[in-house]
4 protein chains.
Amino acid sequence: MSTNSTDPMKKISVAILGGSGYAGGELIRLLLNHPNVSLEAVTSRAYKGKFVYSAHPNLRGRTRLQFIDPHELSKYDLLFVALPNGVSMNTMSDLMKKASKIIDLGADFRLNSAQAFTDWYHMPHTAPKLMKEFIYGVIELHRSEIAKSNYVACGGCEATVSILSLYPLIKHSLIETKIIIDAKMSSSQAGLVPTLSSHHPERSGVVRSYMPTGHRHTAEIITEMTPYTSEPLDVAISATSLDMVRGILVTIHTTPRTGVSEKDIWRAYREEYENEPFIRIVKERSGLYRYPEPKILAGTNFCDIGFEMDTRSKRLVVIGAIDNLVKGTAGQAMQDMNCMFGFEETTGLEFLGLHPI
Amino acid sequence: MSTNSTDPMKKISVAILGGSGYAGGELIRLLLNHPNVSLEAVTSRAYKGKFVYSAHPNLRGRTRLQFIDPHELSKYDLLFVALPNGVSMNTMSDLMKKASKIIDLGADFRLNSAQAFTDWYHMPHTAPKLMKEFIYGVIELHRSEIAKSNYVACGGCEATVSILSLYPLIKHSLIETKIIIDAKMSSSQAGLVPTLSSHHPERSGVVRSYMPTGHRHTAEIITEMTPYTSEPLDVAISATSLDMVRGILVTIHTTPRTGVSEKDIWRAYREEYENEPFIRIVKERSGLYRYPEPKILAGTNFCDIGFEMDTRSKRLVVIGAIDNLVKGTAGQAMQDMNCMFGFEETTGLEFLGLHPI
Amino acid sequence: MSTNSTDPMKKISVAILGGSGYAGGELIRLLLNHPNVSLEAVTSRAYKGKFVYSAHPNLRGRTRLQFIDPHELSKYDLLFVALPNGVSMNTMSDLMKKASKIIDLGADFRLNSAQAFTDWYHMPHTAPKLMKEFIYGVIELHRSEIAKSNYVACGGCEATVSILSLYPLIKHSLIETKIIIDAKMSSSQAGLVPTLSSHHPERSGVVRSYMPTGHRHTAEIITEMTPYTSEPLDVAISATSLDMVRGILVTIHTTPRTGVSEKDIWRAYREEYENEPFIRIVKERSGLYRYPEPKILAGTNFCDIGFEMDTRSKRLVVIGAIDNLVKGTAGQAMQDMNCMFGFEETTGLEFLGLHPI
Amino acid sequence: MSTNSTDPMKKISVAILGGSGYAGGELIRLLLNHPNVSLEAVTSRAYKGKFVYSAHPNLRGRTRLQFIDPHELSKYDLLFVALPNGVSMNTMSDLMKKASKIIDLGADFRLNSAQAFTDWYHMPHTAPKLMKEFIYGVIELHRSEIAKSNYVACGGCEATVSILSLYPLIKHSLIETKIIIDAKMSSSQAGLVPTLSSHHPERSGVVRSYMPTGHRHTAEIITEMTPYTSEPLDVAISATSLDMVRGILVTIHTTPRTGVSEKDIWRAYREEYENEPFIRIVKERSGLYRYPEPKILAGTNFCDIGFEMDTRSKRLVVIGAIDNLVKGTAGQAMQDMNCMFGFEETTGLEFLGLHPI
């Protein structure tokens, strides 16, 4: 994938701002096994002074790194920012002095307009001028820009899987522009803070319509897809929480344009994704896993995409699945990092996933 | 609900043909606690001679009834038929001699046309003349007919919740006729026979797109809704299996007709369901259970229905939930029985459901 | 069961102090369907003024009762107290003026010695004189006392199932006095307050050794069993939390006394429990449910008990299962109430449990 | 770990006999990412001719290997045998001609006596002379023998975690010889074949006492521990199946010998396991993961061990956790392979596990 030539032994210095959450933990896990990375600092106000493995028990025995206070950060080749939405925009201009390159895992720099940000996040954007500095991190759409950029904003997990599922279809004008995304979500997306909503007796076994309308990732999808169509996009998400910790599955209900055949769909996906190391078209005649299934993607950077034409009711159902914490967040960030620094793009992302699980 | 006046002490004699499966077991559980029912026989070829509680361990200590062979059936006031699809049509004319009234829990007599049956079930119907003898068991649409009928065919579980969610909207012309049902399904729907698909390591944790298109319950929904609209209905189901044993949630994506307001939706539901003992409109501003949630319906006969208007993308998302084995099968059958015999319609169906669960 | 003769239409006035938690909610559910109970008040400081169904969504449509402040309580035939451990002892003498009879679901009055309370709960007991007023609520051991008493303290859930499993064995001198209870626990036992421990991503899928030693219910077991043995009891609990919301299973590792046979075990259980409506001896040669299984007890008042002799290693493994919120708390309380007021002891507790679930 | 010096680029030729099951699939996953392995053949009668990823969907896109018939096997440096118990003993002498080294993942060659095999597996051993050729694969006890051996029999998963938990305690004479192992088991242990026992509606949510006494892995534990004690061992397992796909947790109830302190326990574990790459002593004062937890071990080769002394009841509770398919089977096999061929022992086993999961 990578075109830059680099010393394979080169190590870059990396820090994480906000490393006690789930995305931060996943990033630490991935970076620790990356041969070209020296993970030098991870911050957390809450866990400051404690071992990183006290927040991320899977790292026990693997690292003696301790969380530091954000003020203790020095300078790094790369800074990952994993803060709650609405926080990084307030310090981004300062952070840019700490690191040559920045990858933001939060929502603050994903959109290209302060107005859109305010419309969907219900707060003013405090650094609107910096928005255009950031490239959107879904690398399958922005590889060449990311390779040249210093600032990347990773896509939201739900947006990432939806965009990857839809992009070839919209680019090749295969579907109508009214699109309904029925998203099945997991509990790790809500983050680390216990609430009644995440309380096990209330959360176990649910099929909870937590956001039938109004999901904020709609904004990213519209922003990213608009360049590929001349018609206005009408994208709507209905999100349902399930009893699972990781993973997203989107069932996307679309209408194929007149005359579009299954072969056309195949052709578009192949053309766009043939050489993508982490996208698999999953569509088989039989077998339990003939469509994308998030459970076997846990820990992997894959985005699996499948589809089914409905000849009776003129429909095209597209199905996409990812691990929200890997391809949806930390893995996406690391794939972007590999691209920005000229490493082999798959480095550190080789995990194949478990079956059964 | 019931209008016939009956002796409250009256007991009817009841038998179940095919009682070792999950629907049969649920029916036995309900009938054992019904004050007007004497459950006299339950058949099973596989379990013949064994105690009913050997197949249904929750009944241990409650009944000493033993399964009998189907040939041992004598005559009863009411016979429930719980056989695999495609079986009861072959013996229905004989069964009609065994009982004054019959309630069929299977699919054979749900549709009103042999052609429709063949189209969706891919086999010829062997008793097409009897199809019109059966009233469709969704009582909220057919109460007066059921009260007078001797033969009832219960609705399919997925069809039942979809029909109940849609009926007031279609009857009152509030939505366009293109309707997408995104159904979240549980493992008990597949029945008692172990397969690789139901093997725990493969089935646990899934978000499995087992039928993105072509679900057979579409036929029932179209059949039942067509009388209420002058336009052709375009109904499509996408079904996803989750890691749950009981329950269905349908997320129905519809388009409100121009000018339709949230108040119109409320009014239609109230008008149709105000006096329905088992339908609750669940739509609140806050709270974890502000929309229908199948997990708290386990064991109950409720159908909970909610909705959300999307003003941005002109949409109406309707959400329906039931326990597939109760309101979706055995409870529906018992509610029909209560109606057919003039018992109070809620008798034996008072269980409120568990929370937390 | 009950020997007192009562007017079957008699209704008692009942209130619940502390009704927003899981035990309170379960009690409300049971009381609403009890023919001899008029549930007149339920208190909650947090939910005061709100509908009871806002905390207990399964009761939606069934009751319009609203939570009141504890100070608004008037006088009742019976008051249930469902407060956190260490709270009811501070107000019990006042509460005794509010109601002729009191059933306390908490731990404050379970033990018969202030010292034992302090040893296990690490706080002084503030009403030691009242401790002896309370009868321990495990009715199978205390039926005649409960029938005559005004004050009952329900057993802890883990203690209840362990005591019921062990009582016949100890009473009949069938086992040695060194007893190891390996308890498998569910999340509803921890109550309503969200913590990191109950946060779904952390709690889902766990096999968490949350208390390998030192479980407080040990005190109740020793207190209750001591009268039946002349030797000092050595009881130890190891508790492991599982990914389930309801239910307890105890695997009790004991040593049969020399010469004790399987028949002796059967005889002891039969002798003590033959007429008990809610105890079932579950021990079969085959079948998936040949030993007690908590999942099919959800919502029921059953305590299922089984056992297995190990001839190789001289062992008797006893297995007990209950629903911690029913037989372990609210159902036990209602069974006690039935006894105290001379109602049929099974009234309102007829639910058989669901299968599959 | 390894002492042999080898060419780091050396690749060995490897085949798997019986590769369609869960252990086989896990082994394929691990071998595909091993830099010194060329996986040349995987057999399966049932899947012969099909792609390996048709049985193991996580490998989709990673390998185009197809299953072959066992008869098509040629000669290899190493043959893994993953057959049902009782099968490999019938062909082992032939298999020994196919490969210089063999690692058997099944039970046939774990015990050192045909009589013990018959006692526990209820069939005669058909190759008793070969039993002594095999070294038991728990490398922490047999490293130097494995390094020199051509034939290794991996330990059973339940035996492996129990042996690793107990070994330092028995070797250092810290505990009495009566030992009770309360094992919490997962569904992948039962293998690939669907049964009613593994049928999702029956298996979901269970706390099933599937083997309260008589577990066959007892034989391995006694065989392996006997050399370290002069007293007869009395080991008993009670096994309970939970609703999880991977992982085992053992709660081992032991009695410390008089005078043994917590420090003695620590010292013994440190002395035996200090340099073990895959054993972690997990015992902290606080935190959700202060004891071993199988869920965060999924996919890893770790065996986490913790303990708690009970000063009141003279007890030592030892807690061990592994992923049954990795450290319990395929990972153990690969660690043994690394040792047998002089590779770095951790090669290919670096996965740290996921959190949250």
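In chain D, helix H6(D) passes helix H8(D) in a right-handed crossing, meaning that the near helix is turned clockwise from the far one by less than a right angle. Helices here are DSSP runs of H or I with at least four residues, strands are E runs of at least two, and both are numbered from the N terminus. The axes of H6(D) (residues 157-171) and H8(D) (residues 217-225) come within 10 Å and cross at roughly 30°; axes are lines fitted to C-alpha atoms, for helices over the stretch in contact, with angles from 0 to 180 degrees between N-to-C directions. H6(D) and H8(D) are therefore roughly parallel, the word for angles under 35 degrees, while over 145 counts as roughly antiparallel, 65 to 115 as roughly perpendicular and the rest as oblique.

A word on the model: it is predicted, local features need pLDDT of at least 70, side-chain atom pairs count only at pLDDT 80 or more, and totals for chains, interfaces and linings use all residues. Residues are numbered from 1 along each chain as its sequence is written, with chains lettered from A and ligands numbered from 1 in the order in which they are written.

Where the two helices of chain D meet, H6(D) brings residues including Ile163(D), Leu166(D) and Ile170(D), and H8(D) brings residues including Ile221(D) and Met225(D). Contact means C-beta atoms, placed from the backbone, within 7 Å.

Now to chain A, which is divided into domain 1 (12-155 + 327-340) and domain 2 (158-324), with bounds from an automatic or database domain assignment. Their centres, taken over C-alpha atoms, are 24 Å apart. The contact draws 19 residues from domain 1 and 25 residues from domain 2. On the domain 1 side, H11(A) gives the largest share, 6 residues.

Val138(A) lies in the loop between strand S5 (135-136) and H6 of chain A. Because 27 other C-beta atoms lie within 10 Å, Val138(A) is buried; the cut-off is 20 or more such atoms, with 12 or fewer for exposed and partly exposed in between, C-beta atoms being placed from the backbone. Beyond neighbours within four places in sequence, Val138(A) touches Gly155(A), Thr160(A), Ile163(A) and Leu164(A).
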